Amino acid sequence: VSNGTWFWLLGNTDIGKVVNPKKTNDPLRVSGNTALQCAEIMKTVTLPETWGSGVGTEQMRKFFIEFFEKCEGFTTS
């Protein structure tokens, strides 16, 4: 996913509050439970129409929900 898409989520939704409250660019280690929280947030967050790296807002939302629900946790670098 593009940096712009990910950092928009961190800065404009509760996902940022649960995975990166300090809003840093440091690597993240996110647990499976927190990833499931992110999936629930994605289901209800209002996204801008232009969001989604060219695949469309709702399709990108589906990608994120599926990832968060199935990943069992994730890291960023």
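In this predicted model, the sulfur of Cys38 lies 8.3 Å from the closest cysteine sulfur, which belongs to Cys71, and that separation is too far for a bond. A disulfide would need the two sulfur atoms within 2.5 Å, and a search of the whole structure accordingly returns zero disulfides.

**Cysteines**

- Cys38 is buried, and its relative accessible area is 0%.
- Seen from the other partner, the cysteine sulfur closest to that of Cys71 is the one in Cys38, at 8.3 Å, which is again too far for a bond.

**Helix H4**

- Which residues of H4 are buried? They are Thr57, Met60, Arg61, Phe64, Ile65 and Phe68, and because they cover an arc of only 140° around the axis, they fall on the same side of H4.
- On the other side of H4, Lys62 and Lys70 are exposed.
- Just after H4, the backbone at Glu72 adopts a positive phi of about 60°.

**Aromatic pairs**

- The count of aromatic pairs in the model comes to eight, and in one of them the rings of Trp6 and Phe74 have centres 6.1 Å apart and planes at 80°, so this pair is edge-to-face.
- Trp6 belongs to helix H1 whereas Phe74 belongs to strand S2, so the pair ties together parts that are 68 residues apart in sequence.
- Trp6 is buried, with a relative accessible area of 11%, and Phe74 is likewise buried, with a relative accessible area of 11%.
- Phe64 and Phe68 form a further aromatic pair, which is tilted, with 5.6 Å from centre to centre and 40° between the planes.
- Both Phe64 and Phe68 lie in helix H4, where they are four residues apart, or about one turn of the helix.
- Phe64 is buried, at a relative accessible area of 7%, and Phe68 is buried as well, at 1% relative accessible area.
- Ring pairs link Trp6, Trp8, Trp51, Phe64, Phe67, Phe68 and Phe74 into a cluster, so named residues from both of the pairs described above, Trp6 with Phe74 and Phe64 with Phe68, are included in it.

**Nonpolar core**

- The largest nonpolar core has 21 residues, and those with the most contacts inside it are Trp6, Leu9, Ile15, Val19, Met42, Phe64 and Phe68.
- Helices H1, H2, H3 and H4 each supply at least two residues of this core, and H3 gives the most to it, with five residues.
- Which residues does Phe64 contact, leaving aside its neighbours within four places in sequence? Phe64 is in contact with Val1, Thr5, Trp6, Leu9, Met42 and Trp51; of these, Trp6, Leu9 and Met42 are also listed among the residues with the most contacts inside the core.

How values were computed:
Residues numbered from 1 in each chain as written. Predicted model: local features only at pLDDT ≥ 70, side-chain atom pairs only at ≥ 80, totals over all residues. Heavy atoms only, no water. Buried < 20%, exposed > 50% of the residue type's maximum accessible area, 1.4 Å probe, protein only. Arc of directions from axis to C-beta. Phe/Tyr/Trp six-rings, centres within 6.5 Å; stacked < 30°, edge-to-face > 60°. Core = buried A, V, L, I, M, F, W, Y, C linked by side-chain atoms within 4.5 Å. Contact = heavy atoms within 4.5 Å.
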